[in-house]
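Trainee: Hi! Could you walk me through this structure before my group meeting?
Mentor: Happy to, let's look at it together.
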Amino acid sequence: DHVVENAIKLINATAELTKFKTIAVNGKNFGNAGSSIVQELAYSLALGAEYLTVLTEKGLDVDVVAKKMKFNLSISANYFLEIAKLRAARLLWAQIVKAYGPKCDCACKMTVHSETGSWNKTVYDAYVNMLRTQTEAMSAALGGADSITVLPFDAIYEESTDFSDRIARNQQLLLKEESNFAKIADPGAGSYYIEELTASIADQTWKLFIEVQ
């Protein structure tokens with residue numbers, strides 16, 4: 001109840017800040033604990049649905065609650081699967097929010113923040129981590145993440161240095177400014193392979209989500 005009350009206070013206090021998110025669904029915790037892509041997504045959606053249920057039962061409008069939510073998801077080395085995961089996530093979340101009867105379809109839009117994973121990084125050849133975080137960041141961008149955190153290559157075993165922090169920032173700039181990833185809404189749309197992966201992940205995730213519910 002204390003957590004719910006604080007969430008309600010934060011939502012009401014930031015009502016005029018339309019792009020300010022006050023409820024975070026930390027699905028990255030599942031991913032970094034070793035869950036599969038389907039498990040991370042299904043458990044994250046279940047957690048998000050629980051927030052919707054509890055807060056709407058307390059009298060808040062579903063449109064308000066949904067627009068204040070952000071999903072923090074991890075990104076693994078499964079390049080194409082991670083692209084499809086984010087695409088499937090938006091599809092399924094829209095269906096979930098619609099079930100609560102929002103007044104506007106705009107409430108069904110999922111806001112996703114992606115963070116490069118930590119479980120697959122090495123301490124023995126730390127510079128290899130830059131390759132891994134770069135492909136993970138690419139997956140997030142191509143999958144449609146709204147924002148991305150690239151963890152420094154040495155973050156898993158020491159406090160990051162000025163050098164590793166600068167590299168991590170530049171990795172995103174390379175994708176945005178030199179590869180022009182920010183200029184295309186859905187690069188994977190129409191790709192048979194990615195569309196099939198998206199449909200498959202969405203199907204398996206929905207089954208697990210229903211089981212959790």
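Predicted model: local features only at pLDDT ≥ 70, side-chain atom pairs only at ≥ 80, totals over all residues.

Trainee: Okay, helix α8 to begin with. Which of its residues are buried?
Mentor: They are Ile194, Leu197, Thr198, Ile201, Ala202, Thr205, Leu208 and Phe209. Looking down the axis of α8, you'd find these buried residues within an arc of 140°, so they line one face of the helix.

Trainee: And what do the buried residues of α8 pack against?
Mentor: Their partners are α3 (37–57) and α5 (79–98). On the other side of α8, Tyr192 and Glu211 are exposed.

Trainee: Switching topic: how many salt bridges does a search of the whole structure find?
Mentor: Nine. One of them joins the side chains of lysine 85 and glutamate 40, at 3.0 Å from N to O. Lysine 85 is in helix α5 and glutamate 40 in helix α3, so this pair ties together parts that lie 45 residues apart in sequence.

Trainee: Are those two, lysine 85 and glutamate 40, buried or exposed?
Mentor: Both are buried. There is also a network of salt bridges linking Glu40, Glu82 and Lys85.

Trainee: Last one: which residues form the nonpolar patch on the surface?
Mentor: Val123, Tyr124, Ile156 and Tyr157, and together they have about 460 Å² of accessible area.

Trainee: Where does tyrosine 124 lie?
Mentor: In the loop between β3 (112–116) and α6 (128–143). Tyrosine 124 has a relative accessible area of 79%, so it counts as exposed, the cut-off being over 50%.

Methods: Residues numbered from 1 in each chain as written. Heavy atoms only, no water. Buried < 20%, exposed > 50% of the residue type's maximum accessible area, 1.4 Å probe, protein only. Helix = DSSP H or I, 4+ residues; strand = E, 2+ residues; numbered from the N terminus. Arc of directions from axis to C-beta. Contact = heavy atoms within 4.5 Å. Patch = residues over 30% accessible without salt bridge, like charges linked within 9 Å, V, L, I, M, F, W, Y side chains within 5 Å. Areas by Shrake-Rupley, 256 points an atom, 1.4 Å probe, with all protein chains shown as cover. Salt bridge = Lys/Arg side-chain N within 4 Å of Asp/Glu carboxyl O.
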